[in-house]
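I opened this entry to note what I looked up in the model, in the order in which I looked.

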Amino acid sequence: MTSANPTFSPPISTPISTHLPLPAPRPRAEPASEPPLSGTRRAGWLRRHARGLAAVALLLVVMFPFLWLVQLAFKPGADIFEDSLLFVPTLEGFRSLLQGNFLKSFWNSLAVSTLSTGLSLLIGVPAAYALTRWQFKWRRHVALWILVTRMAPPIAFTIPFFLAYRWLGLQDTILGLAIVYLTFNLAIVIWLMQTFFEAVPTALEEAAYIDGCGVWQAFWRITLPLAAPGLAATAVLCFIFAWNDFFYALILTRTNAITAPVAIVNFLQYEGWEWTKIAASGTLVMFPVVIFTVLVRTYLVRGLTAGGVKD
Amino acid sequence: MSTTLILHPGTGWEAARRRAFLWGLLPSLAVLLAITLVPAAALLVASFTPLSLTDAAGTFRFDDPLVNYRHLLEDERFLRSIATQLKLSVSSVALQLAVGLALALLLNGRSRLLAATRTAFLVPMVLPPIVVALIWKILYTPDVSPVHRALEAVGLPVRSLIANPDTALWAISLADTWQWFPFTMLMVLAALQMVPDEPLEAASLDGANRWQLFRYIVFPHIRPVLVVCGLFRLIDSFKAFPLIYVLTDGGPGSVTEVTNYYGFIQAFNFSYWGYASAIAMVILAGVFALSWLVGRLGWNDHDKR
Amino acid sequence: MAALSLEKIVKHYGSTPVIHGVDIDIHDGEFVALVGPSGCGKSTLLRAIAGLESITSGAIRLGGRVINDVAPKDRNIAMVFQNYALYPHMTVAQNLGFALKLQGEDKARIQRRVHEVAAILGLETLLGRTPRQLSGGQRQRVAMGRAIVRQPDAFLFDEPLSNLDAKLRVQVRTEIKALHQRLSTTTVYVTHDQVEAMTLADRIVVLRDGVVEQVGAPLELYDRPANAFVAGFIGSPAMNFIPGRLHLDGAASVVTDDGLRLPLVQPPRGRHGDSVLYGARPEHFALDNSGAGLPAEVVVVEPTGSETQVAVRLDGRHAVLAAFRERVDLRPGDALQLLPVAAQAHLFDAASGARLN
């Protein structure tokens with residue numbers, strides 16, 4: 001019979017959170033041994049919250065340019081050369097946008113983004129499903145193709161499209177722009193939806209086959225409903241990418257299908273430097289995007305790295 | 001009695017299934033072919049001609065296919081644009097990596113405050129690029145910029161950065177970094193989440209300080225992500241347009257004229273479509289090479305796991 | 001309800017053969033279990049019957065008609081999956097009624113049928129729930145209900161009990177048997193657990209490496225296994241195998257290398273001196289103090305309540321597990337005399353494993 005070591009005691013280790021891998025362990029404030037002087041306690045509190053305070057401070061610095069634009073939109077025109085943050089906010093800047101082309105361009109942006117999203121989903125979703133369930137030999141090559149189409153500089157596509165549209169009569173049309181947007185949005189849909197379809201177990205589809213479904217019936221009734229959140233996120237990402245485009249819209253539209261980003265630049269060039277108008281229109285144009293982004297922030301990285309990294 | 005039947009690949013449920021998948025894939029393949037490969041081919045073809053607006057039919061000829069490419073080699077403006085592009089891309093990406101990494105390290109914590117700030121930091125990246133350009137146009141225009149006026153008030157008047165040939169490119173680089181650092185930050189944050197706990201705990205018990213922990217354990221782990229991230233941003237930086245268009249229009253002179261912008265001017269200011277196509281082909285080749293590299297690294301990294 | 005027959009089924013994955021020619025005849029209304037170790041091809045066969053996998057050659061007939069090329073939805077077969085495969089976004093009622101809905105039945109009929117089946121399986125109170133809200137046993141019952149609703153020609157079960165805990169397993173097993181007695185539908189049941197096969201099946205098919213080793217009623221396989229593999233696979237705890245040589249001088253017996261004499265009742269096939277395996281089930285050992293018994297030393301005593309399993313070493317060498325119905329007072333290290341019951345002994349050729357007696 002062996003006897004236990006009577007003087008055994010567990011080693012005291014530096015407490016490290018096992019939930020989150022921190023690059024360095026956070027210095028713990030010393031327990032009761034700290035002398036109860038208010039200065040030291042405040043120093044301890046500061047140390048504990050240093051990270052949070054630094055983060056917020058940096059956030060304010062980084063967000064300053066953005067916030068400045070937004071507040072400029074609400075400033076009365078006479079005050080824009082002042083720096084004072086005390087002003088009576090006015091919607092004058094926004095109201096002035098109602099005249100002229102801006103409202104139409106905003107509407108065009110909505111139409112093009114929606115159409116582009118719809119087309120991309122319609123064409124891309126079945127393809128994504130086929131690629132998921134059909135063990136494709138050339139998967140890597142398709143991935144490279146998708147990556148290149150995402151990464152190619154717009155100038156490479158704009159010249160041919162510009163020339164082709166002149167001939168086809170698709171210049172300055174919403175449909176023409178939506179088709180061009182397929183160059184990046186279709187790839188996004190195919191790439192993202194693949195990962196969402198992969199998450200649906202094949203056993204469910206097999207059960208559906210036995211219950212009486214064909215391939216696309218099972219897809220429609222079982223797979224797609226289960227991938228619905230992913231579908232929504234993908235749709236939003238497509239919308240954002242289409243909405244944000246500037247280059248294609250600049251080249252391929254004139255007055256009829258002009259989108260909001262291009263219309264703003266018109267203020268710069270043709271209507272003089274009307275800063276309030278610029279700020280107001282900029283605020284409006286970014287508004288839908290910021291809202292949507294908050295909704296899909298978890299999928300943002302996947303969308304932006306599509307094709308490059310295999311999730 | 002039974003008879004054995006040899007199945008042909010064309011019959012049966014599995015074959016029907018394969019056919020169904022093919023039908024699902026075909027529209028996408030057709031569309032992608034039509035809108036990517038066909039235009040790319042057209043671009044290639046156009047790059048072999050001196051096509052231009054002034055005599056569209058007449059200039060669509062192939063008697064001297066390499067005329068544009070020869071011209072490119074002698075074109076000083078083009079060569080300068082490449083140098084400008086490299087300067088802008090490298091400086092911008094380096095800054096993005098540095099800022100993104102620093103912020104990721106700072107914000108990698110559990111509190112709700114940090115989580116909220118992480119989301120807030122995404123804003124510059126998701127703004128429409130044109131809005132980003134406008135924001136910085138305001139900041140860089142001395143008349144309306146609070147920064148300029150503040151500096152003036154303190155007694156350090158600064159002239160317009162974007163009107164000064166020496167500082168214009170760095171001004172754009174700064175704006176670009178502001179726009180894209182959240183991308184790096186996100187990627188590094190994701191990578192930090194995957195750094196395994198045990199080596200960190202063991203090293204900390206062994207007495208390593210913060211810097212040592214970072215340098216010997218964390219950094220090797222996130223280095224591949226930084227590389228892929230850097231390459232991604234590098235490729236993306238070739239597309240830089242709205243910033244230049246709004247802030248400097250390629251100027252002053254052609255100091256901020258990157259290759260992409262030069263191509264734009266050739267194509268849509270001068271309407272030298274053939275020549276612009278050649279420029280675009282050069283950019284495309286560079287993008288292709290880098291994309292291949294990214295694809296290689298991204299896939300290899302996954303295969304290794 | 002129909003007879004199912006598999007004729008000369010061969011399946012290759014690419015160039016690798018997985019099933020080497022399987023012939024099984026299942027009668028109308030019969031419950032057949034496919035058992036075997038993992039990788040033997042039983043699941044592949046089941047999926048081939050369902051239509052989820054193709055076969056390289058051979059014929060599958062259901063009710064006389066060849067269904068090789070028929071899509072799963074047209075085979076009139078229902079399947080219960082190992083992981084239940086319930087549709088997560090539908091309620092239990094919708095899960096049950098899905099197949100009928102696809103067939104275009106009117107709502108009233110579907111409702112009636114769903115309630116009928118729910119009553120049989122005790123699911124009435126759960127009809128409005130989603131699978132997420134159900135326990136493992138309840139989910140399994142819904143999976144079975146989904147199969148029953150369609151009144152198919154055959155049921156296929158793919159290891160349906162492996163995800164349940166031991167107690168639930170026994171309970172659901174009994175329910176499956178009761179269900180089969182009630183509905184009399186032709187059933188093919190795949191499992192790696194031979195106890196399940198023994199208790200449920202009318203006939204068992206033992207598979208190994210894509211080949212049928214033996215087909216027969218459970219007790220047939222238990223009492224007269226066709227080869228050493230089946231003998232070792234069926235029956236728990238497993239049969240004991242003792243290698244030795246056949247002795248036909250005087251009373252037939254098997255003698256081990258170290259001289260232990262294992263009794264046989266009558267001379268089997270084979271010649272004197274042949275290398276053989278002597279098989280004796282744990283319950284076919286008796287304590288023998290008459291002198292004819294084999295000397296053994298107790299290694300471990302495992303009382304299970306209903307029997308006492310005693311692991312011994314025969315003559316210090318051969319490890320044997322004996323099981324006694326009556327309570328025995330033995331402790332590790334005790335010496336005793338064991339004798340296998342000659343009438344219940346099995347004899348197999350040492351090289352081929354084929355049965356010799």
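How many residues of chain B are in contact with chain A? I counted 93 residues of chain B in contact with 84 residues of chain A, where a contact means that the C-beta atoms of two residues, placed from the backbone, lie within 7 Å. On the chain B side, helix H1 (residues 12-47) gives the most, with 16 residues; helices here are DSSP runs of H or I with at least four residues, numbered from the N terminus. By class, this side of chain B has 67 nonpolar, 17 polar and nine charged residues, with Ala, Val, Leu, Ile, Met, Phe, Trp, Tyr, Cys and Pro taken as nonpolar, Asp, Glu, Lys and Arg as charged, and the others, Gly among them, as polar.

I noted the conventions next: this is a predicted model, in which local features need pLDDT of at least 70, side-chain atom pairs count only at pLDDT 80 or more, and totals for chains, interfaces and linings use all residues. Residues are numbered from 1 along each chain as its sequence is written, and chains are lettered from A and ligands numbered from 1 in the order in which they are written.

I then checked pLDDT, the predictor's confidence in each residue from 0 to 100, and found a mean of 78 for chain A, with 76% of its residues at 70 or more. Over residues 1-37 of chain A the pLDDT is below 50, yet this stretch has 35 contacts beyond near neighbours in sequence.

Finally, I looked at the division of chain A into domain 1 (38-93) and domain 2 (95-304), with bounds from an automatic or database domain assignment. Ten residues of domain 1 of chain A are in contact with nine of domain 2 of chain A, and H1(A) gives the most to the domain 1 side, with four residues.

Notes:
Helices (H or I, at least four residues) and strands (E, at least two) are DSSP runs, numbered from the N terminus.
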